[in-house]
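Please look at the sequence and the structure before reading on.

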Amino acid sequence: AVVSTQSTGNEAKIRKMQITKAFEEGSKPAFRGGISNRAYEAAESEQTLGYSNSELMQQHQSAFDEQEQGLSRISGIVRRQKEIGLAMGDELDEQNDLLGEIQEKTEATGAQINRQTRAIGHVSAREGNLCGMILSVCCFQPLYSGVFK
C-alpha cells in the first residue's frame, strides 16, 4: 500500500508538470482518467482573445510591474509625509519651549513691575508727587530696557 501511494504522488507531480508545460506552450493538455478539459479552460474574453498563454503571462507581468512601481511611488510619498510630520512636531515642540520661556520672563517682569509700583506708591505717599515721578523714571528705565533686548 505504501508503494502505490508514493507512485500516485509521483504521477500527480509529473501530470502537474505536463499541464504547466502545455499551458506555457499554448496548447491544451490531454487529460486521462475521466477528467474533463472544461475544468481547466477559461472562457475567452475580448482582452484575451487571440493571445497565447505566454503573451498573456507577459501582459500580466507588465501590469504587475506597473502596480509595483505605483506602490513604490506611493510608499515614497507616504515616507516623505511622515518625515515632514515628524519635523513639524519637532518644530512645534521648540516653539512651545520658546513660548514657555517668554511666559516665564513676562511673569517675572510683571512681578518686578508690581514691586516697583508698590515701592513708588509708598515713597510717593511720604514725599509727594514730584519725588514719586522721579523715582518712577529711575526705577522703570532699567526694567523696560531689559524686556526689549
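Aspartate 93 lies in helix H2, which covers residues 53-127; helices (H or I, at least four residues) and strands (E, at least two) are DSSP runs, numbered from the N terminus. The model is predicted: local features need pLDDT of at least 70, side-chain atom pairs count only at pLDDT 80 or more, and totals for chains, interfaces and linings use all residues. Residues are numbered from 1 along each chain as its sequence is written, and side-chain values use heavy atoms, with hydrogens and water left out.

The protein chain has 3 helices and 0 strands, in the order α-α-α from the N terminus. Of its 149 residues, 8% are buried; buried means under 20% relative accessible area, exposed over 50%, and partly exposed in between (1.4 Å probe, protein chains only). The accessible surface of the protein chain is about 12800 Å², and carbon and sulfur atoms hold 57% of it. Accessible areas come from the Shrake-Rupley method with a 1.4 Å probe, and for residues only the protein chains shown count as cover.

| Residue | Relative accessible area |
|---|---|
| Aspartate 93 | 46% |
| Arginine 80 | 48% |
| Glutamate 83 | 42% |

The side chains of arginine 80 and glutamate 83 form a salt bridge at 3.3 Å, N to O. A salt bridge is a side-chain nitrogen of Lys or Arg within 4 Å of a carboxyl oxygen of Asp or Glu. By this rule there is 1 salt bridge. Arginine 80 and glutamate 83 are 3 residues apart in helix H2, so about one helical turn separates them.

Leu71, Ile74 and Val78 make up a nonpolar surface patch with about 290 Å² of accessible area together. Patches consist of residues with over 30% relative accessible area and no salt bridge; like charges are joined within 9 Å, and nonpolar side chains (Val, Leu, Ile, Met, Phe, Trp, Tyr) within 5 Å. Isoleucine 74 is in helix H2.
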